[in-house]
Amino acid sequence: MATLLVYLLLGHVVGDFVLQSSALVAAKRTRAGALLRHVLLVTAAHAVALLPFPADRWLWLLPLLALAHAAIDALKAAFERRRGETLGGFAADQALHLACLVAAAALADPGHAALPPPELTRAAAVATAYVACVLGGSAVVRLVLARFPLRPDADGEGDGPSPWRMGHAIGVLERALGLTFVLLDAWAGLGGVIAAKSIARFKDLERRHFGEYYLVGTLTSLLVTVAVGAATVRALRHLA
């Protein structure tokens, strides 16, 4: 069951975080066609992720996974039309998806027959962790920071790249590096990442509101990184 769950999770995070743009997320709230497109993309991601297993073990799962994903996302869309996008809604959505994937893995558990090579399964687990941490983490950080908006003049002045785009890129690199350090059991590297960010933002941190905003975002990103990294390390030990 655990092995199959790894591949189901890989398909889910690729479908939800790699193949789904922010425009598609917004369109799903009001257009059934956009929701259908997203469900088809997620189903295709599941199909590719499950290729290491014999087709008769999982092919019948695809329509069930598609229906479950469509129902959960339809509920989320209805919620967001009334309340807007929230961290609680995102967490509930992902928790429901996870519960469905656990149930699917239990239903289609291949046992010890025809399992993929352990090395491939561990690679799938690591890939899942990076997508969930780097891209899923971006959604978590954004939704947390949305509760503490900066004043319009707090994002700096002058020409150059948007500070919001730069902040997103820095966060992506921060979580990718941080997860690598956690997986390599090199925890001191996390301190180096935070120090590098702080040096780059040293002058901006003199502004109280920006400093608090920066701290909330950094700690949220760090929490996501450590949580995903610790869960992945434990999973890899179980899969060994």
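**Stop 1: the whole chain**

Begin with everything in cartoon view. What you see is a predicted model. The chain has 10 helices and zero strands. Read along the sequence, the pattern is α-α-α-α-α-α-α-α-α-α.

The accessible surface is about 13100 Å². Carbon and sulfur atoms account for 68% of that area. How many of the residues count as buried? Of the 240 residues in the chain, the figure is 40%.

Contacts come next. Take those with a separation of 6 or more: 80% of them link residues 24 or more positions apart.

**Stop 2: the largest nonpolar core**

Select L4, L8 and L50. The largest nonpolar core has 21 residues, and these three touch the most other members. Which elements give two or more residues to this core? They are helix 1, helix 3 (32-49), helix 5, helix 6 (87-107) and helix 7 (118-145). Helix 1 gives the largest share, six residues.

Stay on L8 and show what surrounds it. Leaving out residues up to four places away in sequence, L8 touches H46, L50, L65, L101, A104 and A105.

Then select V13, A129, C133 and V224. They belong to a second, separate core of 13 residues.

**Stop 3: D73 in helix 5**

Select D73. Its place is in helix 5, residues 61-83. Is D73 buried or exposed? D73 counts as buried, because its relative accessibility is 3%.

Show the side chains of H38 and H97 too. The D73 side chain makes a polar contact of 3.2 Å with the side chain of H38. Another polar contact, 3.0 Å, joins the side chains of D73 and H97.

**Stop 4: the salt bridges**

Opposite charges are the topic here. Side chains of opposite charge can pair when their charged atoms come close. A search of the whole structure finds five salt bridges.

Select R29 and E80. They form a salt bridge, with the closest N and O atoms 2.6 Å apart. R29 is in the loop between helix 2 (22-28) and helix 3, and E80 is in helix 5, so this pair ties together parts 51 residues apart in sequence. E80 counts as buried, at 9% relative accessibility.

E85 sits in the loop between helix 5 and helix 6, while R29 is in the loop between helix 2 and helix 3, so the pair ties together parts 56 residues apart in sequence. At 29% relative accessibility, E85 counts as partly exposed.

Why are K76 and E80 separated by about one helical turn? Because they are four residues apart in helix 5. K76 is buried, with a relative accessible area of 15%.

Salt bridges that share partners join R29, K76, E80, E85 and R142 into one network.

**Stop 5: a nonpolar patch**

Turn the surface back on. Select M1, L98 and V102. They form a nonpolar patch on the surface, with about 220 Å² of accessible area together. M1 lies in the segment before helix 1 (2-18). M1 counts as partly exposed, at 38% relative accessibility.

**Stop 6**

Select R37. R37 is found in helix 3. R37 is exposed, with a relative accessible area of 54%.

**Stop 7: D185**

Where is D185? D185 lies in the loop between helix 8 (163-183) and helix 9 (188-200). D185 counts as exposed, at 61% relative accessibility.

Now look at the backbone. Most residues other than glycine have a negative phi. D185 is not a glycine, yet its phi is positive, about 60°.

Methods. Residues are numbered from 1 along each chain as its sequence is written. This is a predicted model: local features need pLDDT of at least 70, side-chain atom pairs count only at pLDDT 80 or more; totals for chains, interfaces and linings use all residues. Side-chain values use heavy atoms; hydrogens and water are left out. Buried means under 20% relative accessible area, exposed over 50%, partly exposed in between (1.4 Å probe, protein chains only). A polar contact is a pair of N or O atoms within 3.5 Å; within protein, one must be able to donate a hydrogen and the other to accept it, and residues adjacent in sequence count only if both atoms are side-chain atoms. Patches are made of residues with over 30% relative accessible area and no salt bridge: like charges are joined within 9 Å, nonpolar side chains (Val, Leu, Ile, Met, Phe, Trp, Tyr) within 5 Å. Accessible areas come from the Shrake-Rupley method with a 1.4 Å probe; for residues, only the protein chains shown count as cover. A salt bridge is a side-chain nitrogen of Lys or Arg within 4 Å of a carboxyl oxygen of Asp or Glu. A nonpolar core is a set of buried Ala, Val, Leu, Ile, Met, Phe, Trp, Tyr and Cys residues joined through side-chain atoms within 4.5 Å. Contact means heavy atoms within 4.5 Å.
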